Amino acid sequence: MKCIKCRGPAVLELRRHNAAFCAEDFLAFFRKQTVETIRKWKMFTREEPVLVAVSGGKDSLALWDVLLLEGYDATGLYLDLGIYDYSKASRARCEAFAAERGAKLHVVAVADEMGASIPEVKELTRRPTCSACGLSKRYLTNRVALEQGFPVVATGHNLDDEAATLLGSVLHWAPEALARQSPVLPASHPGFVRRVKPFFRISERETAAYAFLRGIDYIVEECPFSRGATSLVYKEVLNRLEEHSPGAKAAFFTTFLQRARPAFERLEEVELRDCARCGQPTTAEVCAFCRLAERVKRAGGDRTGTPVRSEAETDPSELRGLGAAERALP
Amino acid sequence: MRVILRNQGKEVELAGRRRVKDLLRELGLFPEAVLVIRGKELLTSDQVVGEEETIEVRPVVSGGAR
């Protein structure tokens with residue numbers, strides 16, 4: 001198989017593009033696709049500071065790598081979920097990545113904010129682990145961005161993630177979720193920062209290949225709580241479709257954005273008010289994060305009181321007083 | 001050949017040489033869901049893996065309930 005650019009030996013075939021690339025040309029193609037997506041969807045400019053939510057996995061580290069190489073002002077945020085050795089290993093990957101590149105990384109422990117680590121939240125409240133994890137990530141990435149003066153949070157969600165989420169929403173005909181799913185969520189309230197997904201057109205296999213070819217030491221092992229996750233079943237189904245019809249995943253998601261999402265968006269009218277506890281926008285009297293933190297406290301697990309940690313240059317006293325983002329909540 | 005199935009914690013030994021696409025079919029894996037790695041290089045589906053070689057089949061699918 002030959003590279004479509006230089007005719008040298010290919011290392012990666014992309015059937016949906018009817019193309020194959022050598023390592024050098026694939027890396028250039030990947031970077032170009034990312035930058036074009038950022039520009040076309042007006043995600044952010046090179047003049048805006050961007051907070052990149054990093055997990056130590058292939059997608060988020062590949063995103064941070066591309067942004068730094070392309071001259072964006074990108075700072076990492078690692079949320080320590082407290083998931084035993086998995087969190088230790090993933091945090092070490094993020095710290096090593098930042099150190100090698102001289103990039104800034106903020107580290108915030110969920111236990112310091114919620115009163116318990118993610119596995120402890122499950123024990124104390126019975127709330128499913130992935131649900132508590134997702135809620136904490138949405139809330140804390142937004143809050144830290146606001147407090148640190150970042151107008152935008154970028155995440156490493158890729159085409160497979162988006163297609164799987166869409167499939168789940170369609171299977172349940174969930175209009176709120178369908179209205180919300182977008183590569184760009186604008187800051188629709190002063191308490192929200194913009195959220196963007198620069199990899200939404202790029203497949204999971206491409207981000208893995210990019211990370212491998214760039215020599216990025218990412219955590220290959222999966223979160224121990226992801227075993228049996230429904231999203232993995234959706235991804236398998238979508239990969240079966242992709243095997244039969246290359247381009248099926250991209251068509252599913254991009255035609256949703258073009259043809260269906262606008263209709264759901266018109267239906268979605270949410271009234272926001274300030275959370276009575278933390279002041280952040282919410283649809284309820286108390287936001288979902290504060291409600292969960294209260295349940296943790298009632299169950300005897302409160303370990304808060306430790307300020308948000310930043311390993312870069314944050315003054316912890318500046319990190320207080322701002323709160324929740326629960327736009328993905330009922 | 002020795003095939004390391006990353007994240008499954010297992011290895012399989014197969015006799016003879018094979019094209020990557022045939023190997024993945026035999027293992028019941030979707031090409032879209034894995035990278036096939038030999039040393040520091042990625043292999044495309046038409047490449048042949050020799051009997052004495054070791055390759056890693058690395059899953060690319062990640063995520064929980066998001």
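Reader: Two strands pair if DSSP finds at least two bridges between them. In this predicted model, which residue in E8(A) stands opposite A:Val153?

Author: Strand E6 of chain A, residues 152-154, and strand E8 of chain A, residues 194-196, are joined by 3 bridges. The two strands run parallel. Within E8(A), the residue opposite A:Val153 is A:Arg195.

Reader: Which strands are the edge strands of the open sheet in chain A?

Author: The sheet has 6 strands with mixed pairing, in the order E5-E4-E3-E6-E8-E7 (chain A). An edge strand here pairs on one side only, and this holds for strand E5 (105-109) and strand E7 (184-185) of chain A.

Reader: What angle does the direction of helix H2 of chain A make with that of E3(A)?

Author: Helix H2, residues 58-69 of chain A, packs on the sheet and touches E3, E4, E5 and E6 of chain A. Relative to the direction of E3(A), the direction of the helix makes an angle of about 155°.

Reader: Is A:Glu113 buried or exposed, and which side chain does its own side chain join in a polar contact?

Author: A:Glu113 lies in helix H4 (residues 110-114) of chain A. Its relative accessibility is 11%, and buried means under 20%, so A:Glu113 counts as buried. The polar contact, at 2.5 Å, is with the side chain of A:Arg143.

Reader: Is A:Arg126 buried or exposed?

Author: A:Arg126 sits in the loop between helix H5 (118-125) and helix H6 (129-148) of chain A. Its relative accessible area is 58%, and the cut-off for exposed is over 50%; therefore A:Arg126 is exposed.

Note on methods:
Residues are numbered from 1 along each chain as its sequence is written. Chains are lettered from A and ligands numbered from 1 in the order in which they are written. This is a predicted model: local features need pLDDT of at least 70, side-chain atom pairs count only at pLDDT 80 or more; totals for chains, interfaces and linings use all residues. Side-chain values use heavy atoms; hydrogens and water are left out. Helices (H or I, at least four residues) and strands (E, at least two) are DSSP runs, numbered from the N terminus. Buried means under 20% relative accessible area, exposed over 50%, partly exposed in between (1.4 Å probe, protein chains only). A polar contact is a pair of N or O atoms within 3.5 Å; within protein, one must be able to donate a hydrogen and the other to accept it, and residues adjacent in sequence count only if both atoms are side-chain atoms. Contact means heavy atoms within 4.5 Å. Axes are lines fitted to C-alpha atoms, for helices over the stretch in contact, and angles run from 0 to 180 degrees between N-to-C directions.
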